[in-house]
Amino acid sequence: TMTVLAIAAFGFTAAGCAKRQAPPPPASSPPPPSTPWLAKTAPTGNPVPCVESPGNRCVIEIKVTPVAGGCSDNAVSLPEFVELLDDQKHKKIEWQLPTGYHFCPRAGDGVFQDSAAVPENLFDVDWNGRCSNKFTWHRKQQDTKNYAYFLRFRDEQNTVVCIKDPWIKNG
């Protein structure tokens with residue numbers, strides 16, 4: 001009799017669990033960021049040496065010329081292939097946006113390595129979480145290889161998202 005009761009209790013419990021569904025996510029949850037596939041081709045020609053800046057930084061200035069309210073790959077202008085100088089001159093890589101645009105990490109913006117195969121001991125990302133017109137990587141070592149990366153940012157009204165996919169040579 002105890003066995004029959006245990007089996008019946010298990011059957012009712014299993015049936016009750018099977019009918020339960022996970023609650024839906026809260027309505028205030030933002031959708032996950034989506035990044036369209038970027039057409040990536042290896043860089044051609046020689047990289048542009050990054051200019052020395054105060055504070056051992058390589059500063060990459062970004063220009064934006066939106067077209068019809070959008071921000072295609074052609075609307076974003078920056079050197080397509082930059083070479084970092086020796087690691088004493090370029091300890092940081094800093095991307096700077098023009099007035100009216102910012103990197104907003106909590107919305108999925110930033111500068112990202114394009115491959116999971118990039119060694120973890122080359123660059124650290126400065127994740128401060130605040131929206132800013134600057135985004136920084138800290139360079140940990142030099143290896144003279146080329147690396148693809150992409151950047152994603154938005155206008156300050158959060159109506160236009162821009163994406164670009166250049167290269168960097170870790171000089």
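Me: Why does Cys 71 count as buried?

Reply: Buried means under 20% relative accessible area, exposed over 50%, and partly exposed in between (1.4 Å probe, protein chains only). Cys 71 has 12% relative accessibility, so Cys 71 counts as buried. Please note that this is a predicted model, in which local features need pLDDT of at least 70 and side-chain atom pairs count only at pLDDT 80 or more, while totals for chains, interfaces and linings use all residues. Residues are numbered from 1 along each chain as its sequence is written, and side-chain values use heavy atoms, with hydrogens and water left out.

Me: What makes Cys 71 and Cys 162 a disulfide?

Reply: A disulfide is a pair of cysteine sulfur atoms within 2.5 Å. The sulfur atoms of Cys 71 and Cys 162 are 1.9 Å apart, and a disulfide joins the two residues. This pair links distant parts of the chain, 91 residues apart: Cys 71 is in the loop between E4 and E5, and Cys 162 is in strand E13 (residues 161-164). Strands (E, at least two residues) and helices (H or I, at least four) are DSSP runs, numbered from the N terminus.

Me: Why is the disulfide of Cys 71 and Cys 162 called right-handed?

Reply: The torsion about its S-S bond is about 110 degrees, so the disulfide of Cys 71 and Cys 162 is right-handed.

Me: Is Cys 162 buried or exposed?

Reply: Cys 162 has 0% relative accessibility and therefore counts as buried.

Me: How many disulfides does the rule give?

Reply: The count comes to three disulfides. Another of them joins Cys 104 to Cys 131, with 2.0 Å from S to S. Cys 104 lies in the loop between strand E8 (101-102) and strand E9 (110-113) and Cys 131 in the loop between E10 and E11, so this pair ties together parts that are 27 residues apart in sequence. Cys 50 and Cys 58 also form a disulfide, their sulfur atoms 1.9 Å apart.

Me: Why does Cys 131 count as partly exposed?

Reply: Cys 131 has 28% relative accessibility, so Cys 131 counts as partly exposed. Its partner Cys 104, at 6%, counts as buried.

Me: What makes E2 and E10 edge strands?

Reply: Two strands pair if DSSP finds at least two bridges between them. The open sheet of five strands has the order E2-E3-E7-E11-E10, and strand E2 (52-53) and strand E10 (123-125) each pair on one side only. E10 and E11 pair in the antiparallel sense over three bridges.
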